[in-house]
Amino acid sequence: MGNNVTEFILMGLSQNREVQQLCFILFLLFYIILMAGNFFIIMTVLRSPNLSSPMYFFLSFLSFVDICYSSVTAPKLIIDFQVKDTRISFVGCMLQLFFSHLFGCTEIFILTVMAYDRYVAICKPLHYLTIMDWKFCSLLLVFCWLGGFVHTFVQTMLTVQLPFCGPNLIDHYFCDVHPLLKLACTDTHVAGLVVVANSGMISLSSFVILVGSYTVILLSFKTRSSEGRRKALSTCASHIIVVILFFIPCLFMYLRPSTTFPEDKIVAVFYTIITPMLNPLVYTLRNTEVKNAVKILWIKRLLGRNRGDPDRKFSVLEQPRLYQFPKMVAENSQ
């Protein structure tokens, strides 16, 4: 069967005009907070000498992926609240599907790598800098992106070859695999199983690895001092919050047969917008090192400028610097 559809119409979150106006203001605010917060995290990590450990190296890339991930869907969603024409071309729809799964799967792998980093840091502290060196961290990051690309390539190729004969109404606010399978004018049973084996199993296996890592970490607290236990628990708590907010909706969406529910759109909001927006707040409010770096790098500088001394000399801790990970790791190991 041929493909008679050249464009799709996104139904969005609601057809009620008053609800759309409220959602426009709300999601525009969400997106501004998301962009500002994640950019703030990236700049703080890049410019703070105190945040030179592998954990913050991965955190900065997590923030970058969050910005990219939400930017695939959020701008279109926000614009569609204000316009009547919510069409998206077939090519644009496939591109949105490709990049949403690329950044979404890459984020899953980065969160898994961050859990491994915390496991090594807490359970094998004496070998931490030897194991998590610059070369190994870079290799892990490459594998995160490569894994995300392989996943999204399979997902997109599976979808783009399906015949679409009409109708072309997508009951969602972006092009995702389940709503598209629903529109295909062919049997999608096998395609649905591939989605479960691809997206579902990646989410489930990563979630199991994460739960296992943090379980081992929590069990190791018994042998630590109260101060060490407090610091380790504070660091891991922020990671666990992010994992719960991101993975539970993903498991609900993709670890099931090819079907759609009315709740899917609301659930998708959590992992495409809400979680990327909350990540900077979670990691900042729950992490003492990040809060101290923010005070040194931004608050003191702001106060200095407000006092009319823009040329004030900063201490070594406040000096901006390029992110030189190998050098910082070497200094920390001494």
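This report walks through a predicted model of a protein chain, from its overall layout to a few of its contacts.

## The overall layout

The protein has 334 residues, and 49% of them count as buried. Its secondary structure comes to eleven helices and three strands. Read from the N terminus, the elements follow the order β-α-α-β-α-α-α-β-α-α-α-α-α-α.

The record places the feature "transmembrane region" at residues 19-43, 55-74, 94-116, 136-154, 201-221, 233-254 and 266-285. How do two of these spans look in the model? Residues 94-116 are 100% helix and 0% strand, with end C-alpha atoms 33 Å apart. Residues 201-221 are 95% helix and 0% strand, and there the end C-alpha atoms lie 30 Å apart.

Helix α2 covers residues 54-80. At 1.5 Å a residue, its 27 residues should span 39 Å, and the end C-alpha atoms are 40 Å apart, which agrees. Along the way, α2 bends by about 40° at Ser71, with a proline, Pro75, following within four residues. Of the 27 residues of α2, 21 are buried, so this helix is largely enclosed by the rest of the structure.

Helix α3 takes in residues 90-123, a run of 34 residues. From first C-alpha to last, α3 reaches 49 Å, close to the 50 Å expected at 1.5 Å a residue. This helix is mostly covered as well, with 26 of its 34 residues buried.

A search of the whole structure turns up 21 aromatic pairs. One of them joins Phe8 and Phe164 edge-to-face, at 5.5 Å centre to centre and with 85° between the planes. Phe8 belongs to strand β1 (residues 7-10), while Phe164 lies in the loop between α5 (134-160) and β3 (169-170), so the pair ties together parts that are 156 residues apart in sequence. Are these two residues buried or exposed? Both Phe8 and Phe164 are buried.

Aromatic residues also gather in a group. Phe64, Phe98, Phe99, Phe103, Trp145, Phe149 and Phe153 form one aromatic cluster.

## Charged contacts

Side chains of opposite charge can pair when their charged atoms come close. How many salt bridges does the structure hold? There are six salt bridges in the structure. The table lists some examples.

| Salt bridge | Closest N and O atoms |
|---|---|
| Asp80 and Lys76 | 3.3 Å |
| Arg118 and Asp117 | 2.9 Å |
| Arg256 and Asp264 | 2.6 Å |

Asp80 and Lys76 are four residues apart in helix α2, and are therefore separated by about one helical turn. Asp80 is buried, with a relative accessible area of 10%.

Arg256 takes part in two kinds of contact. Besides its salt bridge with Asp264, Arg256 has its charged end over the ring of Phe252, 5.2 Å from the ring centre. Arg256 is buried, and so is Asp264.

Which residues are linked in a network of salt bridges? Glu7, Asp85 and Arg87 are linked in this way.

## Two partly exposed residues

Glu263 lies in the loop between α8 (226-254) and α9 (264-285). With a relative accessible area of 43%, Glu263 is partly exposed. Glu263 and Met253 are ten residues apart in sequence, and their C-alpha atoms are 9.8 Å apart in space.

Trp134 lies in helix α5. At 39% relative accessibility, this tryptophan counts as partly exposed. Trp134 and Pro54 are 80 residues apart in sequence, yet 8.1 Å apart in space, C-alpha to C-alpha.

Terms used. Residues numbered from 1 in each chain as written. Predicted model: local features only at pLDDT ≥ 70, side-chain atom pairs only at ≥ 80, totals over all residues. Heavy atoms only, no water. UniProt positions renumbered as here; feature names shortened; annotations may be inferred. Expected span 1.5 Å × (residues − 1). Bend = angle between axes of the 7 residues up to and from the residue. Buried < 20%, exposed > 50% of the residue type's maximum accessible area, 1.4 Å probe, protein only. Phe/Tyr/Trp six-rings, centres within 6.5 Å; stacked < 30°, edge-to-face > 60°. Lys NZ or Arg CZ within 6 Å of the ring centre and 35° of its normal. Salt bridge = Lys/Arg side-chain N within 4 Å of Asp/Glu carboxyl O.
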